[in-house]
Amino acid sequence: MKVEDIKRVLVVGAGAMGQQIGFQCAMYGYEVVLYDISPDVLDKAKGRIKKLFKSFGSSGRMTREQSDETIAGITATDNPLAAARDVDILSESVPEDPELKGRVFSQFNELCPDRTIFTTNTSMLVPSMFAEATGRPEKFAALHFHDVRISNVVDIMPHPGTSKQTLDLIQAFARKIGQIAIVLHKEHHGYVFNNMLSSLLSAALGLAANDVASIEDIDRSWMGVMHTESGPFGIMDSIGLKTIWTITDYWANKQDNPQARANAAFVKKYVDKGLLGEKTKQGFYAHPGPAYRKPGFLDGDDGE
(Lines give C-alpha, C1' and ligand atoms only; values in the text may rest on other atoms or scores of the structure.)
Protein backbone atom coordinates (compact mmCIF):
# COMPACT_ATOMS: atom_id res chain seq x y z
CA MET A 1 0.00 0.00 0.00
CA LYS A 2 1.17 3.52 -0.87
CA VAL A 3 0.31 6.66 1.07
CA GLU A 4 -1.97 7.70 -1.81
CA ASP A 5 -4.04 4.57 -1.13
CA ILE A 6 -4.93 5.67 2.39
CA LYS A 7 -8.48 7.01 2.39
CA ARG A 8 -10.21 5.78 5.55
CA VAL A 9 -8.83 6.24 9.08
CA LEU A 10 -10.16 4.46 12.16
CA VAL A 11 -9.56 6.09 15.54
CA VAL A 12 -10.10 3.63 18.40
CA GLY A 13 -10.83 5.46 21.64
CA ALA A 14 -12.81 8.70 21.58
CA GLY A 15 -11.17 10.43 24.52
CA ALA A 16 -9.35 13.76 24.30
CA MET A 17 -6.50 12.53 22.10
CA GLY A 18 -8.71 10.32 19.94
CA GLN A 19 -10.87 13.34 19.23
CA GLN A 20 -7.87 15.43 18.23
CA ILE A 21 -6.40 12.72 16.00
CA GLY A 22 -9.74 12.27 14.24
CA PHE A 23 -10.02 16.03 13.83
CA GLN A 24 -6.50 16.33 12.38
CA CYS A 25 -7.03 13.53 9.87
CA ALA A 26 -10.44 14.84 8.81
CA MET A 27 -9.03 18.33 8.37
CA TYR A 28 -6.71 16.96 5.70
CA GLY A 29 -9.50 15.28 3.79
CA TYR A 30 -9.48 11.76 5.18
CA GLU A 31 -12.65 9.83 5.93
CA VAL A 32 -12.58 9.29 9.70
CA VAL A 33 -14.39 6.72 11.81
CA LEU A 34 -14.37 7.33 15.54
CA TYR A 35 -14.93 4.16 17.61
CA ASP A 36 -15.55 3.76 21.32
CA ILE A 37 -17.34 1.15 23.43
CA SER A 38 -19.32 3.93 25.14
CA PRO A 39 -22.11 5.75 23.23
CA ASP A 40 -21.96 8.54 25.85
CA VAL A 41 -18.26 9.07 25.18
CA LEU A 42 -18.95 9.21 21.45
CA ASP A 43 -21.70 11.81 21.92
CA LYS A 44 -19.38 14.00 23.97
CA ALA A 45 -16.56 13.48 21.47
CA LYS A 46 -18.66 14.75 18.57
CA GLY A 47 -19.49 17.90 20.52
CA ARG A 48 -15.86 18.52 21.43
CA ILE A 49 -14.69 17.99 17.86
CA LYS A 50 -17.16 20.65 16.72
CA LYS A 51 -15.62 22.99 19.29
CA LEU A 52 -12.20 22.27 17.82
CA PHE A 53 -13.46 23.31 14.41
CA LYS A 54 -14.93 26.50 15.86
CA SER A 55 -11.61 27.26 17.51
CA PHE A 56 -9.73 26.79 14.23
CA GLY A 57 -12.35 28.85 12.38
CA SER A 58 -12.23 31.75 14.83
CA SER A 59 -8.44 31.88 14.56
CA GLY A 60 -8.60 31.97 10.77
CA ARG A 61 -7.02 28.56 10.24
CA MET A 62 -10.03 27.30 8.27
CA THR A 63 -13.21 28.71 6.76
CA ARG A 64 -16.77 27.88 7.81
CA GLU A 65 -17.22 25.91 4.58
CA GLN A 66 -14.07 23.88 5.25
CA SER A 67 -15.27 23.26 8.79
CA ASP A 68 -18.65 21.96 7.65
CA GLU A 69 -17.06 19.69 5.04
CA THR A 70 -14.60 18.27 7.55
CA ILE A 71 -17.24 17.58 10.20
CA ALA A 72 -19.27 15.74 7.55
CA GLY A 73 -16.28 13.45 6.99
CA ILE A 74 -16.33 12.11 10.55
CA THR A 75 -18.63 9.30 11.65
CA ALA A 76 -18.88 7.72 15.09
CA THR A 77 -19.89 4.20 16.09
CA ASP A 78 -19.79 1.74 18.98
CA ASN A 79 -20.05 -1.18 16.52
CA PRO A 80 -16.56 -2.63 15.99
CA LEU A 81 -17.52 -4.47 12.80
CA ALA A 82 -18.82 -1.27 11.20
CA ALA A 83 -15.82 0.68 12.47
CA ALA A 84 -13.31 -1.70 10.89
CA ARG A 85 -14.90 -1.85 7.45
CA ASP A 86 -12.50 -0.82 4.63
CA VAL A 87 -10.04 0.83 7.04
CA ASP A 88 -6.59 1.67 5.69
CA ILE A 89 -4.92 2.86 8.89
CA LEU A 90 -5.92 2.50 12.55
CA SER A 91 -4.90 4.83 15.37
CA GLU A 92 -5.42 3.52 18.92
CA SER A 93 -5.88 5.79 21.95
CA VAL A 94 -7.25 3.57 24.73
CA PRO A 95 -5.98 3.79 28.36
CA GLU A 96 -2.31 3.15 29.10
CA ASP A 97 -2.59 -0.54 29.93
CA PRO A 98 -0.56 -2.89 27.69
CA GLU A 99 -2.92 -5.83 28.26
CA LEU A 100 -5.96 -3.73 27.34
CA LYS A 101 -4.23 -2.39 24.24
CA GLY A 102 -3.30 -5.92 23.25
CA ARG A 103 -6.90 -7.10 23.57
CA VAL A 104 -8.19 -4.18 21.52
CA PHE A 105 -5.68 -4.76 18.73
CA SER A 106 -6.38 -8.50 18.74
CA GLN A 107 -10.09 -7.76 18.32
CA PHE A 108 -9.53 -5.40 15.39
CA ASN A 109 -7.00 -7.72 13.78
CA GLU A 110 -9.90 -10.09 13.22
CA LEU A 111 -12.09 -7.34 11.77
CA CYS A 112 -9.83 -5.08 9.72
CA PRO A 113 -8.61 -5.81 6.17
CA ASP A 114 -5.18 -7.44 5.87
CA ARG A 115 -3.76 -4.21 4.38
CA THR A 116 -4.66 -2.09 7.43
CA ILE A 117 -1.72 -0.46 9.18
CA PHE A 118 -2.01 -0.43 12.99
CA THR A 119 -0.63 2.44 15.08
CA THR A 120 -0.70 3.25 18.77
CA ASN A 121 -0.82 6.69 20.32
CA THR A 122 0.57 5.40 23.63
CA SER A 123 2.30 8.08 25.69
CA MET A 124 4.70 6.07 27.86
CA LEU A 125 4.56 2.41 26.74
CA VAL A 126 6.49 0.93 23.80
CA PRO A 127 4.92 -1.00 20.91
CA SER A 128 6.83 -4.25 21.50
CA MET A 129 4.83 -4.67 24.74
CA PHE A 130 1.77 -5.60 22.67
CA ALA A 131 3.06 -5.97 19.09
CA GLU A 132 2.41 -9.71 18.89
CA ALA A 133 -1.17 -9.21 20.09
CA THR A 134 -1.85 -7.09 17.01
CA GLY A 135 -1.57 -10.19 14.83
CA ARG A 136 0.35 -8.08 12.30
CA PRO A 137 3.52 -6.90 14.09
CA GLU A 138 5.28 -6.04 10.82
CA LYS A 139 2.47 -3.56 10.07
CA PHE A 140 2.52 -1.94 13.51
CA ALA A 141 4.32 1.01 15.11
CA ALA A 142 3.70 3.91 17.46
CA LEU A 143 2.38 7.13 15.92
CA HIS A 144 2.14 9.50 18.84
CA PHE A 145 0.40 12.87 18.63
CA HIS A 146 0.78 15.91 20.84
CA ASP A 147 -1.99 18.46 21.44
CA VAL A 148 -2.95 19.36 17.86
CA ARG A 149 -4.34 22.71 19.01
CA ILE A 150 -0.82 23.95 19.69
CA SER A 151 1.54 21.44 18.09
CA ASN A 152 2.14 19.76 14.74
CA VAL A 153 4.75 17.25 15.93
CA VAL A 154 4.28 13.46 15.93
CA ASP A 155 6.63 10.76 17.17
CA ILE A 156 7.05 7.59 15.10
CA MET A 157 8.48 4.67 17.05
CA PRO A 158 9.00 1.27 15.42
CA HIS A 159 9.51 -1.94 17.37
CA PRO A 160 12.11 -4.52 16.21
CA GLY A 161 9.50 -6.29 14.05
CA THR A 162 8.19 -3.20 12.22
CA SER A 163 8.89 -3.45 8.49
CA LYS A 164 10.69 -0.64 6.70
CA GLN A 165 7.75 -0.35 4.32
CA THR A 166 5.39 0.26 7.25
CA LEU A 167 7.73 2.80 8.82
CA ASP A 168 8.06 4.70 5.52
CA LEU A 169 4.29 4.63 4.98
CA ILE A 170 3.50 5.97 8.46
CA GLN A 171 6.06 8.73 8.01
CA ALA A 172 4.53 9.71 4.67
CA PHE A 173 1.03 9.66 6.19
CA ALA A 174 2.16 11.90 9.05
CA ARG A 175 3.40 14.46 6.56
CA LYS A 176 0.14 14.21 4.60
CA ILE A 177 -1.78 15.34 7.71
CA GLY A 178 0.49 18.33 8.28
CA GLN A 179 2.75 16.90 10.97
CA ILE A 180 6.48 17.13 11.61
CA ALA A 181 7.55 13.49 11.90
CA ILE A 182 10.13 12.68 14.58
CA VAL A 183 11.37 9.15 13.78
CA LEU A 184 13.01 7.28 16.65
CA HIS A 185 15.87 4.91 15.85
CA LYS A 186 14.74 2.47 18.53
CA GLU A 187 12.11 1.99 21.21
CA HIS A 188 12.36 4.47 24.06
CA HIS A 189 9.74 5.06 26.75
CA GLY A 190 8.31 8.57 26.46
CA TYR A 191 9.61 9.24 22.94
CA VAL A 192 11.53 12.52 22.79
CA PHE A 193 9.44 15.43 24.10
CA ASN A 194 7.40 13.30 26.52
CA ASN A 195 10.58 11.84 27.96
CA MET A 196 11.76 15.32 28.83
CA LEU A 197 8.30 16.38 30.00
CA SER A 198 7.85 13.34 32.27
CA SER A 199 11.00 14.27 34.17
CA LEU A 200 9.58 17.75 34.81
CA LEU A 201 6.18 16.44 35.94
CA SER A 202 7.74 13.77 38.16
CA ALA A 203 9.96 16.37 39.83
CA ALA A 204 7.00 18.71 40.39
CA LEU A 205 4.86 15.91 41.87
CA GLY A 206 7.71 14.93 44.17
CA LEU A 207 8.02 18.48 45.48
CA ALA A 208 4.28 18.65 46.18
CA ALA A 209 3.96 15.10 47.57
CA ASN A 210 6.85 15.78 49.97
CA ASP A 211 5.27 19.11 50.97
CA VAL A 212 8.33 21.08 49.86
CA ALA A 213 6.19 23.83 48.32
CA SER A 214 2.62 24.47 47.25
CA ILE A 215 1.29 23.52 43.82
CA GLU A 216 0.93 27.21 42.97
CA ASP A 217 4.47 28.10 44.02
CA ILE A 218 5.93 25.15 42.09
CA ASP A 219 4.14 26.41 38.99
CA ARG A 220 5.20 29.99 39.70
CA SER A 221 8.81 28.87 39.88
CA TRP A 222 8.70 27.24 36.46
CA MET A 223 6.62 29.96 34.83
CA GLY A 224 8.70 32.79 36.27
CA VAL A 225 12.05 31.39 35.16
CA MET A 226 11.04 29.82 31.85
CA HIS A 227 8.44 32.48 30.88
CA THR A 228 5.80 29.88 30.01
CA GLU A 229 2.01 30.29 30.12
CA SER A 230 1.58 27.44 32.60
CA GLY A 231 3.63 25.35 34.99
CA PRO A 232 3.83 21.58 35.47
CA PHE A 233 0.55 21.32 37.40
CA GLY A 234 -1.26 23.39 34.79
CA ILE A 235 0.18 21.07 32.15
CA MET A 236 -1.05 18.03 34.08
CA ASP A 237 -4.56 19.47 34.25
CA SER A 238 -4.55 19.77 30.45
CA ILE A 239 -3.29 16.20 30.00
CA GLY A 240 -5.84 14.80 32.46
CA LEU A 241 -5.13 13.60 35.99
CA LYS A 242 -6.48 10.10 35.33
CA THR A 243 -3.83 9.69 32.64
CA ILE A 244 -1.14 11.18 34.90
CA TRP A 245 -2.08 8.80 37.71
CA THR A 246 -2.23 5.74 35.44
CA ILE A 247 1.23 6.39 34.02
CA THR A 248 2.80 7.33 37.37
CA ASP A 249 1.29 4.36 39.19
CA TYR A 250 2.28 1.91 36.43
CA TRP A 251 5.94 2.93 36.49
CA ALA A 252 6.04 3.23 40.27
CA ASN A 253 5.09 -0.42 40.58
CA LYS A 254 7.18 -1.59 37.62
CA GLN A 255 10.30 0.09 38.96
CA ASP A 256 9.45 -0.40 42.65
CA ASN A 257 10.10 3.31 43.24
CA PRO A 258 8.90 4.66 46.63
CA GLN A 259 8.93 8.31 45.54
CA ALA A 260 6.97 7.50 42.40
CA ARG A 261 4.42 5.65 44.57
CA ALA A 262 4.10 8.75 46.76
CA ASN A 263 3.63 10.85 43.61
CA ALA A 264 0.92 8.48 42.36
CA ALA A 265 -0.84 8.58 45.74
CA PHE A 266 -0.78 12.37 45.63
CA VAL A 267 -2.53 12.43 42.24
CA LYS A 268 -4.91 9.62 43.25
CA LYS A 269 -6.50 11.85 45.91
CA TYR A 270 -7.72 14.14 43.12
CA VAL A 271 -8.77 11.27 40.85
CA ASP A 272 -10.82 9.65 43.62
CA LYS A 273 -12.75 12.90 44.02
CA GLY A 274 -13.45 13.10 40.27
CA LEU A 275 -11.15 16.11 39.90
CA LEU A 276 -9.57 15.07 36.62
CA GLY A 277 -8.40 18.38 35.19
CA GLU A 278 -9.76 20.58 32.43
CA LYS A 279 -12.34 18.08 31.20
CA THR A 280 -14.11 18.01 34.60
CA LYS A 281 -13.51 21.77 35.13
CA GLN A 282 -11.51 21.05 38.28
CA GLY A 283 -8.15 19.44 38.86
CA PHE A 284 -5.20 21.10 40.53
CA TYR A 285 -6.91 24.30 39.35
CA ALA A 286 -10.49 25.37 38.57
CA HIS A 287 -11.28 25.66 34.85
CA PRO A 288 -11.90 27.55 32.66
CA GLY A 289 -9.91 30.60 33.61
CA PRO A 290 -7.42 28.86 35.94
CA ALA A 291 -5.58 30.91 38.52
CA TYR A 292 -2.26 30.73 36.68
CA ARG A 293 -3.78 32.65 33.76
CA LYS A 294 -5.01 35.51 35.93
CA PRO A 295 -3.16 38.78 36.52
CA GLY A 296 -1.13 38.77 39.69
CA PHE A 297 -0.55 35.00 39.85
CA LEU A 298 3.23 35.29 39.57
CA ASP A 299 3.17 37.88 42.34
CA GLY A 300 1.62 35.39 44.73
CA ASP A 301 -2.11 35.90 44.13
CA ASP A 302 -3.59 32.41 43.70
CA GLY A 303 -6.74 33.95 42.27
CA GLU A 304 -9.04 31.34 43.84
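Visitor: Which residues does Cys 25 touch, leaving out those up to four places away in sequence?
Guide: In this predicted model, Cys 25 touches Val 9, Tyr 30, Val 32, Phe 173 and Ile 177. Contact here means heavy atoms within 4.5 Å. Local features need pLDDT of at least 70, side-chain atom pairs count only at pLDDT 80 or more, and totals for chains, interfaces and linings use all residues. Residues are numbered from 1 along each chain as its sequence is written, and side-chain values use heavy atoms, with hydrogens and water left out.

Visitor: Thanks! Which members of the largest nonpolar core touch the most other members?
Guide: Cys 25, Leu 143 and Phe 173, out of 34 residues. Such a core is a set of buried Ala, Val, Leu, Ile, Met, Phe, Trp, Tyr and Cys residues joined through side-chain atoms within 4.5 Å; buried means under 20% relative accessible area, exposed over 50%, partly exposed in between (1.4 Å probe, protein chains only).

Visitor: And which helix gives the most to this core?
Guide: That's H2, with six residues. Helices (H or I, at least four residues) and strands (E, at least two) are DSSP runs, numbered from the N terminus.

Visitor: New topic: in what order do the eight strands of the open sheet come?
Guide: The order is S3-S2-S1-S4-S5-S6-S7-S8, with mixed pairing. Two strands pair if DSSP finds at least two bridges between them.

Visitor: Which ones are the edge strands?
Guide: S3 (74–77) and S8 (180–183), each pairing on one side only.

Visitor: How many bridges join S2 to S3?
Guide: Four, and the two strands run parallel. Leu 34 stands opposite Ala 76 in S3.
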